Amino acid sequence: MGETIAVNRKARHDYVIEDTLEAGIVLRGTEIKSVREGKVNLQDAYARIERGEAWLIGCHIAPWGTAHSRFNHEAKRQRKLLLHRVQIDQLLGKTKAKGLTLVPLRLYLRSEEHTSELQSLAYLVCRLLLEK
């Protein structure tokens, strides 16, 4: 793992954790800069499977301070999660059959030694939980 950026403490308190997995997050340039500064809030975030893809919804990444507003990102936009097709199908089955919810527990930067420069700028790793 790597440097922890944000932790969703409320999720561990409010829900029973059934399973966890890691998923990458597709981010824009100003988003990764804000994340490196620690300006992330996972409090109201959750994940949803739509159109065969996983999406992180409600995660607040503050706009990067020095960027012009035209080049900055929306703070609460939907962000695509990077998962294998098999993982998405398993999550979809668990959420539909058992009525479980996907909630991010922790957001952290992946270790630089395991990823190339392009990958480390393109996404982060988010831990999700299945809860009742």
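1. Strand pairing around S7. Two bridges link strand S2 (residues 17-26) to S7, and the two run antiparallel. Within this pairing, Ile25 sits opposite Leu81 of S7. Strand S5 (residues 53-57) also pairs with S7 in the antiparallel sense, over three bridges. There, Leu56 has Arg79 as its bridge partner. Strands count as paired if DSSP finds at least two bridges between them. Strands (E, at least two residues) and helices (H or I, at least four) are DSSP runs, numbered from the N terminus.

2. Basis of the model. The model is predicted: local features need pLDDT of at least 70, side-chain atom pairs count only at pLDDT 80 or more, and totals for chains, interfaces and linings use all residues. Residues are numbered from 1 along each chain as its sequence is written, and side-chain values use heavy atoms, with hydrogens and water left out.

3. Confidence. pLDDT is the predictor's confidence in each residue, from 0 to 100. The chain averages 76, and 74% of the residues score at least 70. Among the elements of the chain, S5 has the highest mean pLDDT (92) and helix H4 (residues 117-122) the lowest (39). Over residues 113-125, pLDDT stays under 50. The model has 31 contacts beyond four places in sequence for residues 113-125; a contact means heavy atoms within 4.5 Å. Where pLDDT is low, the predicted coordinates should not be read in detail.

4. Strand S7 covers residues 79-82. Arg79 and Leu81 form its covered face. Lys80 and Leu82 form the uncovered one.

5. Arg79. Why does Arg79 count as buried? Arg79 counts as buried because its relative accessibility is 1%; buried means under 20% relative accessible area, exposed over 50%, partly exposed in between (1.4 Å probe, protein chains only). Its side chain makes a polar contact with the side chain of Glu31 at 3.0 Å. The Arg79 side chain also reaches the backbone oxygen of Arg77 at 2.9 Å.

6. The core. The largest nonpolar core has 24 residues. Val35, Val40, Cys59, Leu81 and Leu83 have the most contacts inside it. Elements giving two or more residues to this core include S2, S5, helix H2 (29-36) and helix H3 (85-98). S2 gives the largest share, three residues. A nonpolar core is a set of buried Ala, Val, Leu, Ile, Met, Phe, Trp, Tyr and Cys residues joined through side-chain atoms within 4.5 Å.

7. Gly24. Gly24 is in strand S2. Its relative accessibility is 6%, so Gly24 counts as buried. The C-alpha atoms of Gly24 and Leu109 are separated by 9.8 Å, with the two residues 85 apart along the chain.

Methods: A polar contact is a pair of N or O atoms within 3.5 Å; within protein, one must be able to donate a hydrogen and the other to accept it, and residues adjacent in sequence count only if both atoms are side-chain atoms.
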